[in-house]
Amino acid sequence: MTRLRRLRAEFTAERRSFLRRRTAVFFTFVFPLLVVLIFGVLVQTDGGGVGLFARPPAFYVPGYLAVVVLFTPLSRVGSTVARHRDGARFEKLATTPLRRWEWLLAHAVVNAAVIGLAALLLFVLTLLLTGVAAAPAPALLLLVPLVALATVLFCGVGCVVGRVAGSQDGVIAASNALALPLLFLSETFVAADQLPAWFRPAVGLSPLTYFARGVRALVGSGDPAVGVALTNLAVVAALAVVAVAAGAAAVPRTD
Amino acid sequence: MDTDVTATPAVEAVDVSRRYGDVVALDGVSLSVAPGAVFGLVGPNGAGKTTLVRALTGTTDATGEVRLFGDPLPAVDRARLGLLPQSFSPADRLTARELVDYYAGLYDPRRARDVDAVLAEVGLADDTAVRYENLSGGQRRRVCVATALVNDPDLLFLDEPTAGVDPAGRRSLHGLVARLADEGTTVFLTSHSMDEVETLADRVGLVRDGSLVAVGPPDGLVAEHGGHARVLVETASDAVADPPALGLDGFDVERTTEGFVVTDVGAADLPDVVESVVAAEVSPDAVTWARPGLEEAYFRLTGEAFADAEAERR
């Protein structure tokens with residue numbers, strides 16, 4: 001009961017802080033939309049060709065969703081950690097009953113809710129603007145836990161980035177340095193067979209790969225491959241648990 | 001070491017040290033604070049006050065032993081503590097009420113106080129709906145104080161609570177600390193204002209370069225280390241050039257740029273000194289009798305004027 005009260009207090013404060021940062025909200029929704037407009041509408045994808053963007057439009061849906069699932073939690077949670085540290089907020093929280101994992105969980109839930117909305121908007125726009133045909137099927141609901149768990153996963157990673165980086169500027173630089181390679185080397189926009197053979201095993205090391213595979217199994221051509229989606233969902237869930245544990249341990253307690 | 005404690009101390013520190021690389025921020029500090037007491041830690045900026053608060057609250061990795069209410073730090077019930085960090089800066093897009101409500105939500109409802117009552121207590125009853133980012137510096141600090149009071153703490157750490165607060169707000173916070181102490185809250189207060197701790201604290205610790213140079217009641221420290229009262233005479237009279245002509249036999253007289261100072265003047269001596277000054281036709285512009293304070297005690301203990309120590313560390 002008291003724990004729920006603490007989680008609710010932290011969730012409410014973070015929700016208000018997030019939604020009142022207009023630039024953060026704006027870019028959470030608009031940045032991925034720009035990606036869809038640029039690559040899905042202007043550049044356009046063309047199944048059967050060679051090189052980048054030569055696959056059918058549905059191939060790139062995981063990439064579009066990955067933009068919002070990856071960048072916002074990394075930079076948002078990372079900079080929140082830096083801001084909390086600069087303002088001695090962790091110093092104060094260390095003398096309250098709030099646990100570090102409770103703090104991270106509350107922030108992850110806020111991010112999952114906001115990013116879930118952004119992902120839904122993005123998905124609908126992708127269907128409308130890029131010609132992807134996704135038949136309404138109950139299996140599509142698996143996208144919800146996939147997006148939510150991947151967001152939580154990258155919130156945990158963002159917490160570690162925030163701990164390691166010395167400042168808010170450092171967090172932005174570090175999260176971009178981490179996110180950009182992940183975005184393009186995780187079977188999102190670039191298929192594994194387009195990469196050098198020696199590099200392909202490394203693709204499996206990226207958590208985003210399992211998110212992309214899970215989404216593609218549900219939104220690719222043909223009927224949803226529920227088994228494949230569930231397998232990748234399980235991997236994302238397991239990685240989310242590890243990331244939250246690492247992130248909670250990284251939440252600063254001392255100066 | 002302060003050992004004048006009969007009950008289980010609210011705060012007990014033994015040989016607490018903290019280094020940052022080659023810099024010794026705390027050097028073997030030992031102290032004890034009785035339950036219900038107000039302990040004031042005073043020293044110039046950079047003396048180690050904040051590091052000591054962090055060591056006592058477990059928010060820095062210090063060596064030595066710290067016990068709160070008799071328990072080692074990891075076992076302390078955190079709901080009994082209140083902390084106002086020195087450089088605390090809470091979420092700036094929340095209103096004063098939302099901020100205090102947030103911190104109240106971190107405690108058991110039986111422990112959490114009414115948010116509006118706490119805000120009224122720090123003088124912000126009319127500004128509860130104003131966002132933190134839109135409050136003045138003094139109002140912000142008062143919101144921060146409120147966040148430390150919201151769980152009705154048994155032990156309250158206030159690190160520079162009146163920094164940036166205007167005189168009226170400072171008086172209000174002084175009254176609040178006094179009231180909390182009357183109600184049994186133990187208060188551990190840091191300040192670089194000698195007057196503030198002298199007014200508020202039952203016991204004072206003077207800190208310099210990470211070490212406690214003296215601990216005791218303010219009056220006791222002043223009596224033991226502050227020297228005697230003195231009379232300050234401001235005048236342009238030439239008579240000052242010849243102190244014996246002043247007829248102040250038995251007193252030490254020192255010239256100053258504004259006039260002269262007669263040292264070691266007790267209350268009983270005051271009429272004689274004033275009479276002599278008038279008889280010498282010095283034509284004083286002002287005569288002031290000043291008791292020594294903690295600042296004089298600090299000077300005599302460290303050989304360093306407090307104001308100079310402050311300036312040196314800025």
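**View 1. V42(B) and L206(B), a facing pair in a predicted model.** V42(B) stands opposite L206(B), a residue of strand β9(B). Strand β3 (residues 38–42) of chain B pairs with β9(B) in the parallel sense, over four bridges. Two strands are taken to pair if DSSP finds at least two bridges between them. Helices (H or I, at least four residues) and strands (E, at least two) are DSSP runs, numbered from the N terminus. The model is predicted: local features need pLDDT of at least 70, side-chain atom pairs count only at pLDDT 80 or more, and totals for chains, interfaces and linings use all residues. Residues are numbered from 1 along each chain as its sequence is written, and chains are lettered from A and ligands numbered from 1 in the order in which they are written.

**View 2. The hairpin of β9(B) and β10(B).** Strand β10 (residues 211–216) of chain B runs antiparallel to β9(B), and five bridges join them. In this pairing V207(B) stands opposite L212(B). Two residues lie between the strands of the hairpin, and D209(B) in the turn has a positive phi of about 50°.

**View 3. The two faces of β9(B).** In a regular strand the side chains alternate between the two faces of the sheet. On one side of β9(B) are R203(B), G205(B) and V207(B), on the other V204(B), L206(B) and R208(B), and all are buried. Because six of the six residues of strand β9 (residues 203–208) of chain B are buried, the strand is largely enclosed by the rest of the structure. A residue is buried if 20 or more other C-beta atoms lie within 10 Å of its own, exposed if 12 or fewer, and partly exposed in between; C-beta atoms are placed from the backbone. Buried residues make up 45% of the 314 residues in chain B.

**View 4. The side of chain B that touches chain A.** Here 25 residues of chain B are in contact with 23 residues of chain A. The elements giving two or more residues to this side of chain B are α1 (49–57), β6 (81–84) and α2 of chain B. Contact requires C-beta atoms, placed from the backbone, within 7 Å. The predictor gives the complex an ipTM of 0.88 and a pTM of 0.86.

**View 5. Confidence at two helices of chain B.** Among the elements of chain B, helix α2 (residues 96–104) has the highest mean pLDDT (98) and helix α10 (residues 306–313) the lowest (58). pLDDT is the predictor's confidence in each residue, from 0 to 100. Where pLDDT is low, the predicted coordinates should not be read in detail.

Note on methods:
Two residues are in contact if their C-beta atoms, placed from the backbone, lie within 7 Å.
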